[in-house]
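Here's a quick briefing to read with the model open beside you. Have a look at the fold first, then come back for the details.

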Amino acid sequence: MYARAAATTAALLGAGALVLPTATATAQTPAPSTVRHDQPLVVAHRGASAYAPENTFAAIDKARDMGFRWVENDVQRTKDGELVIMHDDTLKRTTNVEELYPDRAPWKVKDFTAAEIARLDAGSWFSKKYAGQRVPTLEQYMRRVSHNHQKLVFEFKKPELYPGIEKQGLRILRNEGWLDKHHVKSKLVIQSFSADSVKTVHKLRPDVKTGFLGTPSVAELPAYARFADQINSSHTTISAAYVSAIHALKGPHGKPLEIFTWTVNDAASAKRAAGFGVDGIITNTPDVVREALRDD
């Protein structure tokens with residue numbers, strides 16, 4: 001997740017964008033559980049990505065082995081319409097795509113088929129130990145998360161590049177058993193930097209817990225609270241007052257808004273964020289954050 005997506009909130013909340021589901025539709029759906037506890041929830045960002053290659057089985061398995069139930073991922077779409085787990089919209093940084101396909105620059109995910117992406121090594125860039133790790137499809141990833149008994153903060157990455165990706169992603173989640181009452185209540189959050197994408201998810205599945213990635217002004221928070229259960233901001237952009245302003249509002253399910261802050265990778269920042277009263281901390285180093293919170 002990058003702060004790059006802070007295109008003006010005014011644009012995101014333009015008159016044409018605020019087409020929301022009716023209050024009646026939202027009221028008829030069960031409300032997801034709200035995170036409330038003494039310490040923030042710790043979410044392994046792209047898996048335990050400081051210790052294994054991001055968005056791979058190795059990363060979520062590492063998070064599991066370290067005792068972390070919540071992981072975060074990123075979803076994009078291939079040329080032939082498959083959803084895959086990848087943060088960047090290009091394959092260059094985290095695979096050997098330049099070596100296998102030297103004449104295909106700039107190596108955009110959307111320009112490669114799922115079969116071509118399945119050939120890529122998504123681990124060697126990180127360490128020889130992880131050579132042969134692959135880019136999972138969303139179906140493969142969800143089955144691994146289920147096998148690990150983990151929970152998921154699911155991000156639609158750059159949805160403006162992939163029209164209809166929200167409906168497609170929800171269909172896959174449903175097919176993999178992730179949109180039943182049990183998962184929706186306590187195991188899933190869907191987020192995006194795109195307000196339109198979050199609104200689309202909320203319209204299609206009003207029961208699913210959603211998060212907007214960004215730091216809207218306090219004055220703008222009530223508009224976001226109409227379709228987002230969480231305001232998930234960079235830890236460098238928040239304060240105790242801002243967190244309190246979030247918690248003072250109720251989201252679309254009638255429960256207090258939450259905030260998961262990112263990407264917190266050191267003890268001092270973790271303690272600072274926890275002191276603000278955040279509900280969750282998204283981190284590449286979940287063990288460091290866990291120890292910092294224990295010591296706080």
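Predicted model: local features only at pLDDT ≥ 70, side-chain atom pairs only at ≥ 80, totals over all residues.

Residues are numbered from 1 along each chain as its sequence is written, and side-chain values use heavy atoms, with hydrogens and water left out.

**Overall make-up**

- The chain has 13 helices and nine strands, taken as DSSP runs numbered from the N terminus (helices are H or I with at least four residues, strands are E with at least two).
- Of the 296 residues in the chain, 55% are buried; buried means under 20% relative accessible area, exposed means over 50%, and partly exposed is in between (1.4 Å probe, protein chains only).
- Take the contacts (heavy atoms within 4.5 Å) between residues at least 6 apart in sequence: 64% of them join residues at least 24 apart.

**Cores**

- A nonpolar core here is a set of buried Ala, Val, Leu, Ile, Met, Phe, Trp, Tyr and Cys residues joined through side-chain atoms within 4.5 Å.
- The largest one has 68 residues, and F154, L173, L188 and I190 touch the most other members.
- Apart from that core lies another, of ten residues, including V43, V189, L213 and I282.
- Skipping neighbours within four places in sequence, L188 is in contact with W70, L152, F154, L173, W178, L179, H183, V208 and K209.

**V75 in β2**

- V75 sits in strand β2 (residues 70-77) and is buried, at 0% relative accessibility.
- Beyond four places in sequence, the contacts of V75 include L83, V84, I85, M86, L138 and F154.

**Helix α13**

- In α13 (residues 286-295), the buried residues are P286, V289, A292 and L293.
- They span an arc of only 125° around the axis, so they are on the same side of α13; that arc is taken over the directions from the helix axis to the C-beta atoms.
- Those buried residues pack against β1 (41-44), α12 and β9 (280-283), while the face turned away from the buried side carries the exposed R294 and D295.

**Aromatic rings**

- How many aromatic pairs does a search of the whole structure find? It finds seven, where rings of Phe, Tyr and Trp (its six-membered ring) pair if their centres lie within 6.5 Å, with planes under 30 degrees apart stacked, over 60 edge-to-face and the rest tilted.
- W125 and F126 have ring centres 5.5 Å apart and planes at 80°, so they pair edge-to-face.
- W125 is partly exposed at 35% relative accessible area, as is F126 at 28%, and ring pairs link W125, F126 and Y130 into a cluster.
- The rings of F193 and W262 are also edge-to-face, because their centres are 5.8 Å apart and their planes at 90°.
- F193 is in the loop between β5 (188-192) and α9 (195-204) and W262 in the loop between β8 (260-261) and α12 (267-276), so this pair ties together parts 69 residues apart in sequence.
- F193 is buried at 8%, and W262 is buried at 6%.
- The charged end of R104 sits over the ring of F112, 4.0 Å from its centre, and over the ring of Y101, 5.3 Å from its centre; the test is NZ of Lys or CZ of Arg within 6 Å of the ring centre and within 35 degrees of the ring normal.
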